[in-house]
Amino acid sequence: MLEIKNLHARIAEDGTEIIRGLNLTVKAGEVAAIMGPNGSGKSTLSYILSGREDYEVTDGEILYNGESILELDPAERAAKGIFLAFQYPVEIPGVATMQFLKVAMNEQRKARGEAELTTPDFIRRVKESAAELKINPDMLKRPLNVGFSGGEKKRAEILQMALLEPKLCVLDETDSGLDIDALKIVADGVNALRSPDRAVIVITHYQRLLDYIVPDTVHVLYKGQIIRTGDKSLAHELEANGYADIIGEAA
Amino acid sequence: MNMQTTARQTAAEAALIEAFNAQVGELPGNGAVISARDRLVDDLKSNGLPTRRIEAWHYTDLKTLLRAIPAAVPAAVVDTPEPLVAGSAVITTRHGLADQKVGIGGVLVNAFSDMLSEGTAAPGLSVIDRDDTIGKINGSFVRDGYVLEFPADATIEKPVEIQVLHGDGQVHTRFPVSFGAGSKATVIERHLPTAKGEAFVTSVSDISLEDGADVTWIIVQQQGAADTHLGQLRVRVGSNAKLRLYVINAGGRLVRQELRIDVAGEGSDLQLRGVNLLGGETHTDVTLVLGHHVPNTTSTEIFRNVVFDRARGVFQGMIKVALDAQKTDARMACNTLLMSDEAEFSAKPELEIFADDVQCGHGATVADIDANHLYYLMARGVPRNTGRAMLVNAFVAEIVEELEDGQLVEALEAIISSWLERHA
């Protein structure tokens, strides 16, 4: 589903290279965890996948279902089924959450040539998904993310993911700022989306989240490259021994 | 000296004087009102319209901008638009004249023409200061309007909507409104044309909040593309009174809305919010002169402006804090989105503080929409242009969402979105 080949990317504004020859393949149905110390390029990788314009790809390729997505803007990538759950979802005063959800769902449907949702159908879907994620309906009456707690913001991200039904889900540090109850709710939400035609990339610092979202593959990112790939036992090894050994081996 | 001013009289100035001479015999008013009108017209004759050399009019050179004035012709205005909030009490002036036999449950309503005939209007026809051109023109020509008295302790649940409707020509209205002690009400002052030609409109609302009154006053200006709108709101806020004042400008070719506010009672609070939606080749000026005259009062002023095409906007915000007005807390912000390279906005915040124990601040920003916000929307599949439109809308909608009345918020948001859909 996703093939990243020899990717090099830098911050557009100052030219700092963050991703330095990254290779990664994620298959449909797979849950891949990307772990790594601070500053290794984890969030940057998620932004680049989503098409954020603050980063420039200088070399390499990102293929999604065999097609390059480098020329697509974030909205076009989203319509093709790429979803990034943000580590820090932004608050947008003045944009009502429900209006945002409806516009996003219908714009994606339009881009794919599908019929728009009727209002009752839309409301039913939101209510169902919100209930599963134990989201208080009052939250949805507020402007987008405004005044949400850290945990509410993360749940709102997973709600959006559930409603938009993407094919490639990228979760950037979704566990940060969550207590254990919220973590379980969020993990259940993600697990409910696991399917043979959907891939999930879980970016995280800690093993903890991977106890609840069990990965098929684990990749260690360091200085903009994948330096080690393994199965879920690799995450336990990192939890026990830290990154130093693996970094030492790679160097 | 008079010879010079006469020689330099512009077409608009000449038309004003001519219009007055033509109408003077039929304008309502007793002797006191007639002399008040004469003084105002003499002032207009000798001083003319203000130019950029007058500080208060520096960014709105009325002498140059007001090129002509449409002929004063009667116009029949028959329709009554649906009120913004269903169930509102609606009172209407049609081309400058009040309807006969108007009533609002719980509120005393009279025609302003009666005040003119009786002469009780005469003191109010005086100007606030020598630069009060709107007061001069309106006081010279005004024929009618409504006088509203909200009795003490009255709570009027539904909004009162004053519809100021007009056809093409000249229209001058005045609305003295008093809110008795402890009363609670929402008034919507709504300016709308019913014809597509050109109108020259002045309108003065003169409102007072007695002690403990809790008032929401909303000016919705949606004049036509060729119209000149000169509006003035005079406000006196008493002790422990609370005023939420909204100004929504979404129309007109040449617009000046003045807000002359005196915070005159301790413990009072003013929340002033403004939305200026500007497009085409228009000129819109909001000028605030806010006086905090007594201790322990608070005010916040937030203006959001969106400027398209070759439109020009002006915000002048003067906050004066008197020597005695200790513990005043006043915060003013003016934020602008310029949507085209030729759009212009001038913001002139001024603080004049004589007390030494006050909190006062002002800030003015001109910016594009937030790139992070746009990225977030796009990452969810919202195309760039749709996302931009949502964020522009949000930038101003945020202001009206502070209102408690959900129906009113929806109505104002609908005005904003339909304006933006026509201009973006």
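Biologist: What makes the charged end of Arg304(B) count as sitting over the ring of Phe395(B)?

Modeller: A charge sits over a ring if NZ of Lys or CZ of Arg is within 6 Å of the ring centre and within 35 degrees of the ring normal. The charged end of Arg304(B) is 5.0 Å from the centre of the Phe395(B) ring. Arg52(A) also lies over a ring face, that of Tyr47(A), at 4.6 Å from the ring centre. This is a predicted model, where local features need pLDDT of at least 70, side-chain atom pairs count only at pLDDT 80 or more, and totals for chains, interfaces and linings use all residues. Side-chain values use heavy atoms, with hydrogens and water left out.

Biologist: Why is Tyr47(A) called buried?

Modeller: Buried means under 20% relative accessible area, exposed over 50%, and partly exposed in between (1.4 Å probe, protein chains only). Tyr47(A) has 15%, so Tyr47(A) is buried.

Biologist: Why is the aromatic pair of Phe308(B) and Trp419(B) called tilted?

Modeller: Rings of Phe, Tyr and Trp (its six-membered ring) pair if their centres lie within 6.5 Å; planes under 30 degrees apart count as stacked, over 60 as edge-to-face and the rest as tilted. Phe308(B) and Trp419(B) are 5.8 Å apart centre to centre, with 50° between the planes, and that makes the pair tilted.

Biologist: How do you know that Phe308(B) and Trp419(B) are buried?

Modeller: Phe308(B) has 7% relative accessibility, so Phe308(B) counts as buried. Trp419(B) has 3%, so Trp419(B) counts as buried too.

Technical notes. Residues are numbered from 1 along each chain as its sequence is written. Chains are lettered from A and ligands numbered from 1 in the order in which they are written.
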